[in-house]
Amino acid sequence: MSPRWNWDFEEKKRAAREPATTPPLPAPRPQPPDPRARFRRRRLGAAAAFLLILVLVIVALTSSHGDGSTSTAGTRVPSAALRPPTVSELQRDENGVDSVLAYTPFVKEGAPRGRDVALTFDDGPGPYTPQVLDVLEREHAPATFFVIGQEIHDFGTSTEREVRDGFVIGDHTENHPMMAHLSAHDQHEQLFEQAARIELLGGHRPRLFRPPYGSFNATTFRLLHQMRMLMVLWSVDTDDYEQPGVDTIVRRGLEGAKPGAIILLHDAGGNREQTVAALPKLIHALRARGLRLVSVPRLLADDPPLHGQPLPTSLAGD
Ligand code: NI
């Protein structure tokens, strides 16, 4: 749009819209000064000013909304939806992970003390990740992304955006294998390569790990201990990757949603239109229950998991 409002253009548009009903305007002819005409001109001027303000407001709203669509093209105007964490927030998150690691190598939910819940997204980055980020930023909703290293090659712009906008990034391996089927060496490669990629993008070295397919063994725990990483499972599974319908994803997300819940969603690995559509509904419904959306490290710091939980066995049945 041109910076100056083109009244002729608007007049033409109006004439084009109402060709049959609007009679042609009579040619202007010289008239003596008329106070009523001056009043009409003033009234017209006021109406025009109001219209201009209205148009500016609409343009402003549309362009902030359009932030999302432009982001898919990778030319996003920075939004103020979220911001990078401060040093003290980062330290709190690190301390939260450390204090939990001191007594357990895994977490599947926080203790139900407060009102925190954590949204987590697996398998990205992918083609739908920008839309997921658009929703989260519009809703000012923190989240944790468990990223696959090799997907950064094609969709790394989204991972950079996650870093820049203060989302927490966890390790979901380099290329999504069943960890329990791999040698210790190969498991280490899977963990290490992904973590290195995140650091290369300017992110912090991941402290959280989510096993693909829920597959892990004693070797996985040994490696995680060496790398000071915490295994993050989940307490609520939406199975959104099955594309069961938007309402079903929302319902499943809400079913187990209670203080301390860790909710599993996917921003990649297939068509995620339903996840994108379900996300605002899920966020609104969680908040309507008085729950507060936080990152996983924040959940750990606020409501660390209960002590004495038995080590889980692989959820992949291997
Ligand atoms: Ni996965």
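1. Which hand does the crossing of α9 and α10 have? The crossing of α9 and α10 is right-handed, a term that applies if the near helix is turned clockwise from the far one by less than a right angle. This is a predicted model, in which local features need pLDDT of at least 70 and side-chain atom pairs count only at pLDDT 80 or more, whereas totals for chains, interfaces and linings use all residues. Residues are numbered from 1 along each chain as its sequence is written, and side-chain values use heavy atoms, with hydrogens and water left out.

2. The axes of helix α9 (residues 246-255) and α10 come within 8 Å and cross at roughly 40°, which makes α9 oblique to α10. Angles under 35 degrees would count as roughly parallel, over 145 as roughly antiparallel and 65 to 115 as roughly perpendicular, with the rest oblique. In the contact (heavy atoms within 4.5 Å), V246, D247, I249, V250, G253 and L254 of α9 meet Q274, T275, A277, A278, K281, L282, A285 and L286 of α10. By class, these residues comprise nine nonpolar, three polar and two charged, where Ala, Val, Leu, Ile, Met, Phe, Trp, Tyr, Cys and Pro count as nonpolar, Asp, Glu, Lys and Arg as charged, and the others, Gly among them, as polar.

3. Helix α5 (residues 129-138) also packs on helix α10 (residues 273-288), their axes coming within 9 Å and crossing at roughly 20°, so α5 is roughly parallel to α10. Here α5 contributes Q131, V132, V135 and L136, and α10 contributes V276, L279, P280 and I283; seven of the contact residues are nonpolar, one is polar and none is charged. The crossing of α5 with α10 is right-handed.

4. The largest pocket holds about 750 Å³ of space, and among its 34 lining residues P85, D93, G166, F167 and V168 are the closest to its centre. A pocket here is an open set of points on a 1 Å grid where a 1.4 Å probe fits, with protein on both sides within 12 Å along at least five of seven lines, and lining residues have an atom within 4 Å of a point. The lining has 18 nonpolar, six polar and 10 charged residues, and α4 gives the most, with six residues.

Note on methods:
Axes fitted to C-alpha atoms, helices over the stretch in contact; angles between N-to-C directions. Helix = DSSP H or I, 4+ residues; strand = E, 2+ residues; numbered from the N terminus. Points joined across faces, edges and corners; volume = space filled by probe spheres on them.
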